[in-house]
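Please follow the chain through the account below, which moves from a sheet to a helix and then to a contact between helices.

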Amino acid sequence: MLTPGAPDSSHVSQARVRPEFRKTMVFVAIALAALITGHEIGGVHAPSTRVRLIAYGCAALVAAFGVAASRTTAREVQRIAVARAGDVAGTPLRLVVLLGGYLITAITVCDLVGLQLRQLLVGGAITGIILGLAAQPVLSNLFAGLVLLFARPYVPGQQVRVMSGAINGPHVGVIVSAGLLYTKLETADGPLNIPNASLLAAAVGPSLTQPEPAEQDTFAAAPSEDGAALATVIAAAESGLNAGEQNGRVGERK
């Protein structure tokens with residue numbers, strides 16, 4: 001129950017989120033305005049020195065506000081990812097968004113100042129195709145992790161049941177962390193790192209029962225009655241054989 005005059009948690013979270021979104025929109029709008037202005041006045045190849053200086057100034061504005069927009073967007077994405085999947089997914093996702101924003105800003109500034117990037121883009125496309133084919137399993141887990149992050153079929157700390165024959169399921173345990181490549185599940189047999197691609201193709205649901213220990217541990221801790229009876233019979237047979245051998249030796253001596 002909230003006390004009179006105490007701020008609600010939802011209002012506090014909205015107050016923290018809205019400034020980040022507003023800053024991002026303002027920064028993007030200023031960067032776009034500077035980009036359009038730089039192209040409309042003729043760019044850095046204009047005959048007038050004044051126009052060229054203005055174009056360079058527009059390029060500087062695009063670089064500054066593009067970097068600022070990338071940082072605010074990365075912080076907001078990290079906040080959402082940490083709230084849904086923990087720090088394991090929030091930090092890498094923030095880095096990906098940050099690097100993507102910096103790359104877009106750099107390409108835009110180079111285009112505005114007249115640097116030709118056609119050969120670089122063609123070479124980057126060929127390199128991207130080669131890397132994509134080589135890192136196909138990694139990329140499949142990465143995109144599956146992003147889908148699970150936004151679909152949110154589970155949250156860290158929740159006990160779930162994973163039904164999948166591809167990973168020798170079912171597995172029952174508690175979600176410890178949800179990363180971009182693997183999801184860590186704490187089971188009765190120990191921690192289990194499940195690839196996100198396999199987890200996306202599996203049936204996942206909440207589990208109300210506690211995970212059962214492994215069968216080998218159960219047999220080792222509590223032997224069955226048949227095993228105990230068999231051990232008794234073997235011990236009696238061995239004692240009978242020993243007694244017969246001793247009697248035979250006594251008879252031979254006589």
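Strand E2 (residues 171-178) and strand E3 (residues 182-187) pair in the antiparallel sense over 5 bridges, where strands, like helices, are DSSP runs numbered from the N terminus (helices are H or I of at least four residues, strands E of at least two), and two strands count as paired if DSSP finds at least two bridges between them. Within this pairing, Gly173 stands opposite Thr187 in E3. The model is a predicted one, in which local features need pLDDT of at least 70 and side-chain atom pairs count only at pLDDT 80 or more, while totals for chains, interfaces and linings use all residues. Residues are numbered from 1 along each chain as its sequence is written, and side-chain values use heavy atoms, with hydrogens and water left out.

The two strands belong to an open sheet of 5 strands in the order E4-E3-E2-E1-E5, with antiparallel pairing. Strand E4 (190-195) and strand E5 (203-206) stand at the edges, and because each has a single partner strand, one side of each is left without a neighbour in the sheet.

Helix H5 (residues 136-151) has 16 residues that should span 22 Å at 1.5 Å a residue, and its end C-alpha atoms are 22 Å apart, which agrees; the expected span is 1.5 Å times one less than the number of residues. In H5, Asn141, Ala144, Gly145, Leu148 and Leu149 are buried, where buried means under 20% relative accessible area, exposed over 50% and partly exposed in between, with a 1.4 Å probe and protein chains only. Just after H5, Arg152 takes a positive phi of about 55°.

Thr24 lies in helix H1 (residues 9-40) and, at 12% relative accessibility, counts as buried. Leaving aside its neighbours within four places in sequence, Thr24 is in contact (heavy atoms within 4.5 Å) with Ala69, Thr72 and Thr73.

Phe27 and Phe65 form an aromatic pair that is tilted, with 5.9 Å centre to centre and 45° between the planes; rings of Phe, Tyr and Trp (its six-membered ring) pair if their centres lie within 6.5 Å, and planes under 30 degrees apart count as stacked, over 60 as edge-to-face and the rest as tilted. Phe27 lies in helix H1 and Phe65 in helix H2 (residues 49-85), so the pair ties together parts that are 38 residues apart in sequence. Phe65, at 21% relative accessibility, counts as partly exposed.
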